[in-house]
Amino acid sequence: MTAPLSETDRTQLPTAPALALLLDVDGPIASPVTRDVKPEIIADLVALAAADIPVIFNTGRSDAFIREQVMAPMIAAGMPQGTTIHAICEKGAVWFSYTAAGPGPVHVDHELAVPKAYGDDVRRLVAEDYSAHMFFDETKRAMVSVEQHVDVPSEDYLAEQKLFDADALDIMGRHGLSAAILDHHAPGSDDTADYRLDPTIISTDIESVRLGKDLGASRAVELLAAQGIIPQAWRTVGDSRTDYAMADWLHHNDHDVKHVDVRPADGVPVKPYTVLTAADLNLGDDVIHDDAGGAFLRSWREALDI
């Protein structure tokens, strides 16, 4: 006859929540226009986390952005004691966890950082030539990032971004560093590079080629495993083609995953796992970004009766 489990044994058993959420921040959670998070999205995140659904952010944003725009509102909204949220920032180079008591220590993989001298030159470049359209993100610890001013029209920023990207790539060469713009093939290049420029609709990230949403997914699984949490299934959410890498990694490593694309107009690639869009919630093509992300959060609350 098997002896009954002690209380200690019970606490050490792995838990298997029905879902774990791995969320890009810009677009699905935070508005790419205002850069903040709607109160109803915060409320849904708190409710899901309070019901023991793991909520993990997998973002290019800095830990400072997550603390200000996501963590502080979640705590203010009544995030319960004992709930832990993980935030994987700068595409896997930086990570930390937080509870209702606040943030824990910030971890940085310094081997994945862009050289400081290069970052200093980009800061000067922005100040001298591009400050009317963008600003240098001083909160990044491993990446070098510039971002559109919120009062600059998108079409003006995107035109200036192309010029900035070319200048930033040129500075890489002057530092003796190899780099390429994401999805751009330079004539005569063998496409080997140590760093890449990743332009988005509101920013350009300059980063080690070893960073990416797949690295973030790997860290997410490790962080949950350290808590004894093995989700039955995953939902990944993003607004760009690069965000599919988190679902790719999870699927390749035998996790049950579905990916939500909140900006499918960029094109939905053929994948061996299910890809969901706002149309799957019977919403129109105009429902994108955090409107779509919020709709999916609410649908998962309803499906789980939370």
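## Strand E12 and its partners

Arg 235 in E12 is the bridge partner of Leu 21. The model is a predicted one, in which local features need pLDDT of at least 70 and side-chain atom pairs count only at pLDDT 80 or more, while totals for chains, interfaces and linings use all residues. Residues are numbered from 1 along each chain as its sequence is written, and side-chain values use heavy atoms, with hydrogens and water left out. Helices (H or I, at least four residues) and strands (E, at least two) are DSSP runs numbered from the N terminus, and two strands pair if DSSP finds at least two bridges between them.

Strand E1 (residues 20-23) runs parallel to E12 and is joined to it by 4 bridges. E12 also pairs with strand E13 (residues 257-261) in the parallel sense, over 5 bridges, with Trp 234 opposite Val 257. Between E12 and E13 the chain passes through helix H7 (residues 244-252), and this β-α-β crossover is right-handed, a term meaning that, with the strands pointing away from the viewer, the path from the first strand over the helix to the second runs clockwise. Gly 238 stands opposite Asp 261 in E13.

## Nonpolar cores

A nonpolar core is a set of buried Ala, Val, Leu, Ile, Met, Phe, Trp, Tyr and Cys residues joined through side-chain atoms within 4.5 Å. The largest has 44 residues, of which Leu 45, Phe 57, Ile 66, Met 74 and Tyr 98 touch the most other members. Among the elements that give two or more residues to this core are E1, helix H2 (39-50), helix H3 (63-76) and helix H8 (289-303), and H2 gives the most, with 6 residues.

Leaving aside residues up to four places away in sequence, Leu 45 touches Leu 23, Ile 29, Val 55, Phe 57, Met 74 and Leu 297, where contact means heavy atoms within 4.5 Å. A second, separate core of 20 residues includes Tyr 118, Val 122, Val 144 and Val 152.

## Helix H3

The buried residues of H3 are Asp 63, Ala 64, Phe 65, Ile 66, Val 70, Met 71 and Met 74, and what covers them includes H2, E2, E3, E4 and strand E5 (102-103). After H3 comes Gly 78, whose phi is positive, near 100 degrees.

## Glu 207

Glu 207 lies in strand E11 (residues 203-208) and counts as buried, at 1% relative accessibility. Beyond residues up to four places away in sequence, Glu 207 touches Lys 91, Val 114, Met 143, Asp 194, Tyr 195, Arg 196 and Asp 198.

Terms used: Buried < 20%, exposed > 50% of the residue type's maximum accessible area, 1.4 Å probe, protein only.
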